[in-house]
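Grab a pencil and keep the viewer open.

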Amino acid sequence: ANFALGVAVEIPADLLAGWLCDRVGRKITLAAAFGAAGALCLSCAVLPASLIAGAAMLGKFAISAAFAIVFVYTAELFPTPLRNVGMGVSSSAARIGGMAAPSVILLADLRGARAPNVVFGSAGAVACCGVLLLPETKGRPMPETVADCDDARGRSSRRRNSMSTRKLRVAPLSESDGDAPVDEGAPVVWSPASESTDGHTHGVK
């Protein structure tokens with residue numbers, strides 16, 4: 001009966017996940033699903049036996065929603081040249097976790113029946129925090145290059161280059177200028193090549 005319920009909750013979980021992704025966004029929905037799954041799994045370690053089954057089904061609902069979202073979200077994060085490799089590595093990591101999960105159950109014999117719930121719940125909490133560090137992809141074009149991924153994270157190298165290559169105005173300082181004040185509002189770049197033979201330094205504004 002528990003197995004049938006676990007399978008049955010996946011259908012509404014997938015439908016709700018798809019609806020929330022279009023309305024709220026991938027990032028918040030996935031983080032909420034991971035966080036809810038982790039919290040419910042941790043709660044199974046402290047709840048009375050009569051409530052554990054209900055919390056476990058809700059946790060199954062949340063993790064099913066997260067599993068439905070993660071493949072869509074992951075594909076939208078990687079740029080086109082790395083998308084297949086990134087998806088393959090991510091899927092392989094998931095399979096490794098799936099193979100390691102049954103071994104975690106053995107902790108029940110060493111640390112008590114609640115230990116596996118603590119491990120799985122902590123993994124959900126860590127996944128939730130990790131998702132919050134990623135950019136939102138809802139309504140944005142899929143990245144074509146790595147630079148596009150930098151743009152999505154607000155760290156565009158092209159933006160930095162455009163700022164550094166803006167037109168500079170050279171204003172040499174002569175002896176008559178003395179200690180003339182420099183406009184502090186303008187950027188000043190000093191270069192060893194700007195020093196003249198008479199010891200004066202030319203400022204590049």
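**Exercise 1.** Work out how H3 and H7 run relative to each other in this predicted model, starting with the handedness of their crossing.

*Solution.* Start with the handedness: H3 passes H7 in a left-handed crossing. Next, look at who does the touching. From H3 the contact takes in Lys 27, Leu 30, Ala 31, Phe 34, Gly 35, Gly 38, Cys 41 and Leu 42. H7 brings residues including Asn 117, Phe 120, Gly 121, Gly 124, Cys 128 and Val 131. Sort the whole contact by type and you get twelve nonpolar residues, six polar and one charged.

Now the angle. Helix H3 (residues 26-43) and helix H7 (residues 115-132) pack at about 160 degrees, with axes 7 Å apart. Anything over 145 degrees counts as roughly antiparallel, so that's what H3 and H7 are to each other.

**Exercise 2.** Check whether the length of H3 fits its 18 residues.

*Solution.* At 1.5 Å a residue, H3 should span 26 Å. Its end C-alpha atoms lie 25 Å apart, so the two values agree.

**Exercise 3.** Which helices do the buried residues of H3 pack against?

*Solution.* First pick out the buried residues of H3: among them are Leu 30, Phe 34, Ala 37 and Cys 41. Then look for their partners, which are helix H2 (10-23), helix H4 (49-77) and H7.

**Exercise 4.** Find how far apart Ala 123 and Gly 35 are, in sequence and in space.

*Solution.* Ala 123 sits in helix H7. Along the sequence, 88 residues separate Ala 123 from Gly 35, yet C-alpha to C-alpha they are 9.5 Å apart.

Definitions and conventions
Residues are numbered from 1 along each chain as its sequence is written. This is a predicted model: local features need pLDDT of at least 70, side-chain atom pairs count only at pLDDT 80 or more; totals for chains, interfaces and linings use all residues. Side-chain values use heavy atoms; hydrogens and water are left out. Axes are lines fitted to C-alpha atoms, for helices over the stretch in contact, and angles run from 0 to 180 degrees between N-to-C directions. Helices (H or I, at least four residues) and strands (E, at least two) are DSSP runs, numbered from the N terminus. Angles under 35 degrees count as roughly parallel, over 145 as roughly antiparallel, 65 to 115 as roughly perpendicular and the rest as oblique. A crossing is left-handed if the near helix is turned anticlockwise from the far one by less than a right angle, and right-handed if clockwise. Contact means heavy atoms within 4.5 Å. Ala, Val, Leu, Ile, Met, Phe, Trp, Tyr, Cys and Pro count as nonpolar, Asp, Glu, Lys and Arg as charged, and the others, Gly among them, as polar. The expected span of a helix is 1.5 Å times one less than its number of residues. Buried means under 20% relative accessible area, exposed over 50%, partly exposed in between (1.4 Å probe, protein chains only).
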